[in-house]
Amino acid sequence: MTTYFDYAATTPVDERVLDAMMPFFTERFGNANSLYAIGRDAYRALEEARESVAKSIHAERPDEIIFTGGGTESDNAALIGIMTKVAPDGGAHLIVSAFEHHAILEPAHFLEKQGYEVSVLKPRADGHIHPDDLRAEMRPNTKLVSIMHANNEIGTINPIKELAAVAHEGRALFHTDAAQTLGKIPFDVVELGIDAASFSSHKIYGPKGFGALYLKKRTPFNAYLKGGGQEFKKRSGTQNTPGAIGFAKALEIMVAEQAEEGARLSALRDRVIDGVTSVLENTEPSVSAGERLPHIASLLIKGVEGEAMLLQLDNKGISVSTGSACSSGSLEPSHVLLSIGCPPEIAHGSLRISLGRFTTKEDIDFFLAEFPPIVERLRAMSPVYQKMFGSK
Amino acid sequence: MLYSDKVMDHFNNPRNVGVIEDADGVGEVGNPVCGDMMKITITVNDSDHIDDVKFQTLGCGAAIATSSIVTEMAKGLSLEEAVAISKQQVADELGGLPPAKMHCSVLATDGLKVAVDDYLKKHGREPIAGEVKSADPNFDPHADEDDHDHDDEGTGHVHDSAGPDGECSVCCQQI
């Protein structure tokens, strides 16, 4: 038996999504750019998928949706595509937040090496980016601000509407990485007032290797992939028709089930948090105040190293993730937790439990039964637990 | 990153866990800020051989497995033989370790070295283990690692060490 608690990492493809995609691998396999009947069939299906995605995010026009090869590509394309268009010779200023996904941090770092100015804005201890802090960071030559809609590790939701307004006051464009929020909470590009946004398909029960970039009409943009001029000359390469069909279908289901599923998941999330913190001493949620995603429970389990917990849970068939350095072969704990002021020795013991469509209350109760003995065993093996955290 | 079956066995069923009361030598190494901390206690017989070893470790799977196997390797060895156990020997004994985890075997061998020297010093004898960096509270196990690659990509990390400032800003930094 497998109990999967890593929906923020990836999700299984929903059967309804798979059914919608299947014909486009085989009989309806045409190249959407071909003029004959089977090509036109693929083209129509692709454009219907685009219209559906545009409608789901309340975009004003379908051609504001550019299909890509995933969230990372969309993030790279947004930052590099916009910055190199507005300031081809460098010198312009970009602001990103410190707890972005590396798909934002790394292209920002790349741009900095190419002669652009980059500021990294820290979240406050509550795990949110504050509009006043962004305002203080703005410069006369700030051209783009990129701040994630919600954080993938701690689940905090940033005030995107207010942040975009601050960027626009300073005549800068605003991009948001919405990989973790699309379909899970309301997402309206007009209401939020954003210029660009990145989406990923495999976070919402669609196929891996597919995503989209929302680019508001007339947003300056250098094509990141050059070639045959597909996707309105913004992303060359033969379109992944089954991917687009699957992504659109996945998003339609997410939007239709959003309210009910959000309420169900946030109750389960709180059950995890309360269940762990009430039974185990020296445990707490990474963040407790402010807007949070319904499906992410981020916990700090003090005095235990995260990878050890992860592996012990895996022995029980339970899949989770951790911000510990050791979990990933990396050498330092989660940059997200460090950015909100979590000390490294605590960040090593963080656990992310992310829930989804197929998570049941029984799954949570199974976890709550298996987890405390694991923590207690590891704490008993620690040479410093007593010293650092006292009794029991 | 995959662990060998032997690493998983020692992680899931660690040998010689605990603390020897009235131990002859005690070694404490590592730093919780880095996520790794080990305490090793030994008893030494009249012919300068290790009789018993026990350990406690806070750390990842590899840290626990390397601690466990070092206690098995050290039992019955002379003090000279015990301090000569290398990190490579520990890794080999476990059927190999992922490159990023090699520092965990340093922690285990260092713990043993400190415990041996602690025994010798208590008996007014000269230490034999040499300098042990991980006994320093500010120890950074990654400081001299070759594979600390800031441009590493595609390794499947949730996070990696390269921030937008291009510096490994917090690696085992004391807060």
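## The nonpolar cores

The largest nonpolar core has 68 residues. Such a core is a set of buried Ala, Val, Leu, Ile, Met, Phe, Trp, Tyr and Cys residues joined through side-chain atoms within 4.5 Å. Buried means under 20% relative accessible area, with a 1.4 Å probe and protein chains only. A:I353, A:F367, A:F371, B:I50 and B:L112 touch the most other members. Helix 5 (residues 102–122) of chain B gives the most to this core, with 10 residues. Another core, of 64 residues, lies apart from it and includes A:V17, A:F99, A:A167 and A:A248.

This is a predicted model: local features need pLDDT of at least 70, side-chain atom pairs count only at pLDDT 80 or more, and totals for chains, interfaces and linings use all residues. Side-chain values use heavy atoms, without hydrogens and water.

## Strand 5 of chain A

Four of the five residues of strand 5 (residues 142–146) of chain A are buried, so this strand is largely enclosed by the rest of the structure. Helices (H or I, at least four residues) and strands (E, at least two) are DSSP runs, numbered from the N terminus.

Strand 5 of chain A runs parallel to strand 3 (residues 93–97) of chain A, with four bridges between them. Here A:L94 stands opposite A:L144. Three bridges join strand 5 of chain A to strand 6 (residues 173–177) of chain A, also in parallel. There, A:S146 has A:H175 as its bridge partner.

## Cysteines

The whole structure holds zero disulfides, meaning pairs of cysteine sulfur atoms within 2.5 Å. The sulfur of B:C104 is 3.8 Å from the closest cysteine sulfur, in B:C60, so it is too far for a bond. B:C104 is buried, at 0% relative accessibility.

Notes
Residues are numbered from 1 along each chain as its sequence is written. Chains are lettered from A and ligands numbered from 1 in the order in which they are written. Buried means under 20% relative accessible area, exposed over 50%, partly exposed in between (1.4 Å probe, protein chains only). Two strands pair if DSSP finds at least two bridges between them.
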